[in-house]
Amino acid sequence: MASQSNEVVYRATTTAPVNIAVIKYWGKRDTTLNLPTNSSLSVTLSQRSLRTLTTASCSAKYPADDTLNLNGKPQDIQSSKRTLACISSLRTLRKELENADSSLPNLSSLPLRIVSENNFPTAAGLASSAAGFAALVRAVADLYQLPQSPTELSRIARQGSGSACRSLQGGFVAWRTGELADGSDSLAEEVAPASHWPEIRALILVVSAEKKDVPSTEGMQTTVATSDLFDHRAKNVVPERMTAIEAAIRDRDFPKFAEITMRDSNTFHATCLDSWPPIFYMNDVSRAAVRLVHDINRAVGRTVAAYTFDAGPNAVIYYEEKDSELIAGTVKAILGATAGGWEGPFYEPLAQITAPGVSLDKIDPRVLDVLKDGVSRVILTGVGEGPVSVEDHLVSETGDLVNQ
Ligand code: ADP
Ligand code: DP6
């Protein structure tokens with residue numbers, strides 16, 4: 001075993017992105033290993049808008065227990081089975097490296113100090129768990145200098161939160177259900193990099209930044225146990241949609257991509273409604289966003305926008321950059337000054353727009369008021385890259401927390 005000074009603090013820092021699924025993961029066939037009942041596919045969103053920043057560090061000078069500090073607050077990770085499972089799997093891989101090469105420092109025996117910050121609300125339906133667990137796994141894997149690929153690491157991130165396994169890569173990412181009982185073939189893989197279709201934009205209508213009612217883990221368990229529709233979706237609907245949406249991505253066929261995205265969001269929420277007792281993630285504001293997108297598509301005469309909703313009321317609207325005026329321009333005209341967030345790198349080309357791309361008399365008038373009252377903020381972003389290794393560490397060379 002290589003010796004190490006008590007004073008040395010080893011560090012690695014990474015950023016990780018949020019992803020928003022277009023074919024939704026909903027339901028587990030194994031709750032311990034976090035194995036899904038159906039494959040899913042997501043778009044990784046740019047870290048120029050939403051990102052997690054995580055530093056993983058280890059040192060002999062730290063107290064014995066591993067710690068996680070999230071957004072400035074210590075977390076009780078000893079009671080978080082998911083976090084412990086990720087850390088333990090990563091440590092095992094490091095131990096294998098150390099056993100094979102005795103010149104390596106014995107990092108696997110050192111306590112970890114992990115510090116993380118999300119630059120957006122945590123646990124508010126904006127997929128912080130996906131970015132958060134992807135960042136944690138990537139940062140510790142970098143600290144341990146693990147040779148595993150992002151696809152191999154997705155097996156570990158999946159144990160933190162299923163959707164996190166898709167945030168280890170950029171662009172368009174599929175998480176295959178796999179067939180093996182041990183979950184070793186339930187992995188995420190890149191379908192296409194962000195550079196394949198960089199024109200994809202995502203406009204997030206933040207409907208509520210409150211904590212959600214039914215957490216996704218609990219909601220999907222209720223659906224698995226009680227919904228008849230659920231089984232049909234997993235077995236008969238999703239497999240065909242996965243094939244079709246991968247072809248649409250390959251061909252950069254937006255209307256096809258959009259229709260599958262909207263239909264799959266609707267089918268997922270139908271299984272929630274079919275659960276017993278029923279689960280409602282979408283609310284009146286969400287439904288107004290659905291109507292708006294259909295009205296825009298009808299007025300334009302082609303499918304230029306697609307909505308999708310996760311386990312919460314926020315709408316994510318995908319479109320192509322060339323249609324920005326039609327979608328973002330129209331939403332901006334509807335919301336006026338009532339919603340914040342019209343800023344950032346993706347907004348610049350839109351800053352000059354003063355008139356809606358689609359005349360507001362083409363939109364159902366009830367939709368206009370509901371959106372105006374119900375959308376507190378927008379986030380304008382696009383498809384982006386996977387985790388990036390950075391040097392702005394959240395832990396100093398001496399092991400202290402760095403104030404950002
Ligand atoms: P969301 O809709 O934001 O994904 P969830 O309630 O599903 O909300 O997940 C929030 C949980 O994800 C947090 O309580 C925490 O356990 C975990 N999480 C979020 N951000 C991070 C992070 N940066 N590092 C580690 N874990 C995180
Ligand atoms: C609706 O990944 O949060 O966002 O594995 O229990 O942590 P756990 O669930 P989680 O569920 C995400 C559900 C979804 C759809 C999706 O992202 O595919």
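A salt bridge is a side-chain nitrogen of Lys or Arg within 4 Å of a carboxyl oxygen of Asp or Glu. The legends below describe close-up views of a predicted model.

**Figure 1. Salt bridge between R298 and D295 in helix α7.** The closest N and O atoms of R298 and D295 are 3.0 Å apart, inside the 4 Å limit for a salt bridge. Both residues belong to helix α7, which spans residues 284-300. They are three residues apart in that helix, about one turn. R298 is exposed, at a relative accessible area of 60%, whereas D295 is buried, at 9%. By the rule applied here, the structure has 19 salt bridges.

**Figure 2. Salt bridge between D142 and R138 in helix α2.** The N and O atoms that approach closest in this pair are 2.9 Å apart. Helix α2 covers residues 128-143. D142 and R138 are separated by about one helical turn, because they are four residues apart in this helix. D142 has a relative accessibility of 24% and therefore counts as partly exposed. R138, with a relative accessibility of 14%, counts as buried, the cut-off for that class being under 20%.

**Figure 3. Salt-bridge network of R302, E320, K322 and D323.** These four residues are linked to one another in a network of salt bridges. Within the view, K322 forms a salt bridge with E320, and their closest N and O atoms are 3.6 Å apart. K322 is exposed, with 58% relative accessible area. E320 counts as buried, with a relative accessibility of 13%.

**Figure 4. Lining of the largest cavity.** The structure holds two cavities of 30 Å³ or more, and the largest has a volume of about 70 Å³. Its lining includes I20, G125, L126 and I204. Also in the lining are T308, F309, D310, G312, P313, N314 and V316. By class, the lining of the largest cavity comprises six nonpolar residues, four polar residues and one charged residue.

**Figure 5. Lining of the second largest cavity.** The volume of this cavity is about 30 Å³. The residues that line the second largest cavity are R201, Y319, E321, S324, F346, P349, L350 and L380. Five of the lining residues are nonpolar, one is polar and two are charged.

**Figure 6. Surroundings of ligand 2.** Ligand 2 is surrounded by 17 residues, the closest being Y25, K28, S161, S163 and T217. The side chain of T217 places an N or O atom 2.7 Å from an oxygen atom of ligand 2. For N34, the distance between a side-chain N or O atom and an oxygen atom of the ligand is 3.3 Å. For D310, the corresponding distance from a side-chain N or O atom to an oxygen atom of ligand 2 is 3.4 Å. D310 is also one of the residues that line the largest cavity.

Key. Residues numbered from 1 in each chain as written. Chains lettered and ligands numbered in written order. Predicted model: local features only at pLDDT ≥ 70, side-chain atom pairs only at ≥ 80, totals over all residues. Heavy atoms only, no water. 1 Å grid on protein atoms, 1.4 Å probe; cavity = no way out; pocket = protein on both sides within 12 Å on 5 of 7 lines; lining within 4 Å. Points joined across faces, edges and corners; volume = space filled by probe spheres on them. Nonpolar A, V, L, I, M, F, W, Y, C, P; charged D, E, K, R; others polar. Helix = DSSP H or I, 4+ residues; strand = E, 2+ residues; numbered from the N terminus. Buried < 20%, exposed > 50% of the residue type's maximum accessible area, 1.4 Å probe, protein only. Near = heavy atom within 4 Å. Polar contact = N/O pair within 3.5 Å; in protein donor to acceptor, adjacent residues only side chain to side chain.
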